[in-house]
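Thanks for coming, everyone. I will take you through one model this morning. Please have a look at it first.

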Amino acid sequence: MTTTWTDFAVANTELAATVRRCFGVRKHATMATLRRDGAPRISGTELVWDDAGLRVGMMPGTRRAADLRRDPRVAVHSPTHDTDEDNPGSWLGEAKVSGRARDVTDSSSADPVDWFVIDPEEVVHTCVDPAGQHLVVTTWHPVRGVQQHRRG
């Protein structure tokens, strides 16, 4: 069964909001797709969060669009910012979403963009606890739900 970003966000409001804040610290995120030979392709990209869910657009004919049409597995990683060294617990953290991309390109549209909706299969937020002593990794998976791990 496919979980859309909207389904995930409704069921996991706090984690979804935190992940969106992480992606919002800068305009460009990093996206990983799989090349024809199975090697990863890393690309800068911009994400759109709207009623359709989590979307990524790209110019028609790009290699990453071809990657997603051939193999829909995808991962996106949020941009990050450096935190105050004197207050590591203030770091918002980083977020990752991996899942499958669905081609929702409207070929009748005059807008020359290939659009894909990303349906999440794993969502991860990594940060440092408020005391700055432990790494806190919060994960979501459709079978396991939300889990939190402390390291360090």
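**Salt bridges, a helix, a strand and a pocket**

Let me start with a contact between charged side chains. Glu-46 and Lys-27 form a salt bridge, with N and O 3.9 Å apart. By salt bridge I mean a side-chain nitrogen of Lys or Arg within 4 Å of a carboxyl oxygen of Asp or Glu. This pair links distant parts of the chain, 19 residues apart. Glu-46 sits in the loop between S2 and strand S3 (47-50), and Lys-27 in the loop between helix H2 (13-23) and S1. Helices (H or I, at least four residues) and strands (E, at least two) are DSSP runs, numbered from the N terminus.

A word on the source. This is a predicted model, where local features need pLDDT of at least 70 and side-chain atom pairs count only at pLDDT 80 or more, while totals for chains, interfaces and linings use all residues. Residues are numbered from 1 along each chain as its sequence is written, and side-chain values use heavy atoms, with hydrogens and water left out.

Back to the pair: buried or exposed? Lys-27 is exposed, at 58% relative accessible area. Glu-46 is partly exposed, at 38%. The cut-offs: buried is under 20% relative accessible area, exposed is over 50%, and partly exposed lies in between, with a 1.4 Å probe and protein chains only.

How many salt bridges does the rule give? The count is 11. Take Arg-55 and Asp-50, where the closest N and O atoms are 2.6 Å apart. Arg-55 is buried, at 16%. Asp-50 is partly exposed, at 30%. Next, Asp-71 and Arg-73 meet at 2.8 Å, N to O. Here Asp-71 is buried at 17%, and Arg-73 is partly exposed at 41%. There is also a network: salt bridges with shared partners join Arg-41, Asp-67 and Arg-70.

Asp-67 brings us to helix H3, residues 63-70. Which of its residues are buried? Arg-64, Ala-65, Asp-67 and Leu-68. They cover an arc of only 155° around the axis, so they lie on the same side of H3. That arc is taken from the directions from the helix axis to the C-beta atoms. What covers them? The cover includes strands S1 (29-34), S2 (40-45), S4 (53-58), S5 (73-77), S6 (94-103) and S7 (114-128). Contact here means heavy atoms within 4.5 Å.

Now S7. Of its 15 residues, 13 are buried. For pairing, DSSP must find at least two bridges between two strands. S7 pairs antiparallel with S6 over 10 bridges. Ala-95 has His-125 in S7 as its bridge partner. S4 and S7 are also antiparallel, over 4 bridges. There, Arg-55 stands opposite Val-117 in S7. That is the Arg-55 of the salt bridge with Asp-50. Strand S8 (residues 135-141) runs antiparallel to S7, joined by 6 bridges. Val-124 has Thr-139 in S8 as its partner. The S7 and S8 hairpin has 6 residues between the strands, and Gly-132 there takes a positive phi near 75°.

Last, the largest pocket. Its volume is about 150 Å³. Which element gives the largest share of the lining? H2, with 5 residues. The lining residues are Glu-14, Leu-15, Ala-17, Thr-18, Arg-21, His-125, Thr-138 and Gln-148. A pocket is an open set of points on a 1 Å grid over the protein atoms alone, where a 1.4 Å probe fits, with protein on both sides within 12 Å along at least five of seven lines; lining residues have an atom within 4 Å of a point. The volume is the space filled by probe spheres set on the points, which are joined across faces, edges and corners.
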